[in-house]
Amino acid sequence: FFFLMIRRPPRSTPKPSSAASDVYKRQEKKLFTTFMQIVKNKAMTTTLRVAGGWVRDKLMGNECYDIDIALDNISGEAFATMIKEVVPDAKGFGVIKKNSDKSKHLETATIQLFGRWVDLVNLRSEKYTEESRVPMIEIGTPIEDALRRDLTIN
C-alpha cells in the first residue's frame, strides 16, 4: 500500500546512467531492508509507508534523493533513534519540532542513511473549522492521511 503524497512541486531530476541507477537501487534496497529488520527485531507492529516525492519520481522513472516514510504508531524521533542504534554512522539526525505558528503541525525526524536523506513522519488527519483555513492536525489513520492529500504527477 503506497501513498502518493506530494508536498512540493516536482524538481527536474536527470535520469541517471545505468551504473548510477544500480547504485541507487542498492542503496534503497539496503535502506528499506534495514527499516524492516528494525521492525522485526524489535517485534514492532509499526507499518512503514513510503510517501511523497519518491513515489512520484519512481512512477515517472526518475531517481529521488530523499525519501519520506510515514509511520503509524511511533514518532519519527523514536524510529530515527532506533536507526542510529543499528547504523551508528547514519548522519544528520535531527528533529523539526511541532510549531503551529509556522504551519508545522507535527514533528518530523530527519536522518541521512546509505547516501539518502530520510524524513520520518506520522500519518495525520486534518480537520477544518468554519472560523479558520488553518487545519487542526492530529495523528491519523492511513485513509485519513491519504484523503487529505492532492495527487499531482507532471
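Two rings of Phe, Tyr or Trp (taking its six-membered ring) make an aromatic pair if their centres lie within 6.5 Å, and the pair is stacked with planes under 30 degrees apart, edge-to-face over 60 and tilted for the rest. By this rule the count here comes to 2 aromatic pairs. Bear in mind that this is a predicted model, so local features need pLDDT of at least 70 and side-chain atom pairs pLDDT 80 or more, while totals for chains, interfaces and linings use all residues. Residues are numbered from 1 along each chain as its sequence is written, and side-chain values use heavy atoms, with hydrogens and water left out.

Start with Phe 32 and Trp 54. Their ring centres are 5.5 Å apart and their planes sit at 85 degrees, so this pair is edge-to-face. It links distant parts of the chain, 22 residues apart: Phe 32 belongs to helix α1 (residues 18-41) and Trp 54 to helix α2. (Helices are DSSP runs of H or I with at least four residues, strands are runs of E with at least two, and both are numbered from the N terminus.) Phe 32 is partly exposed because its relative accessibility is 23%, whereas Trp 54, at 10%, counts as buried. The cut-offs for relative accessible area are under 20% for buried, over 50% for exposed and in between for partly exposed, using a 1.4 Å probe and protein chains only.

Phe 35 and Phe 79 form another edge-to-face pair, with 5.8 Å from centre to centre and 70 degrees between the planes. Phe 35 lies in helix α1 and Phe 79 in helix α3 (residues 76-86), so the pair ties together parts 44 residues apart in sequence. Both of these Phe residues are buried.

Now for the charges. A salt bridge is a side-chain nitrogen of Lys or Arg within 4 Å of a carboxyl oxygen of Asp or Glu, and the count comes to 6 salt bridges. One of them joins Lys 58 to Glu 28, with the closest N and O atoms 3.1 Å apart. Here helix α2 supplies Lys 58 and helix α1 supplies Glu 28, 30 residues apart. Lys 58 is partly exposed at 27%, but Glu 28 is buried at 5%.

Glu 28 also meets Arg 116 in a salt bridge, at 3.2 Å from N to O. That pair spans 88 residues, between helix α1 and strand β5 (residues 116-122). Arg 116 counts as buried because its relative accessibility is 0%. Through shared partners, salt bridges join Glu 28, Lys 58, Glu 63 and Arg 116 into one network.
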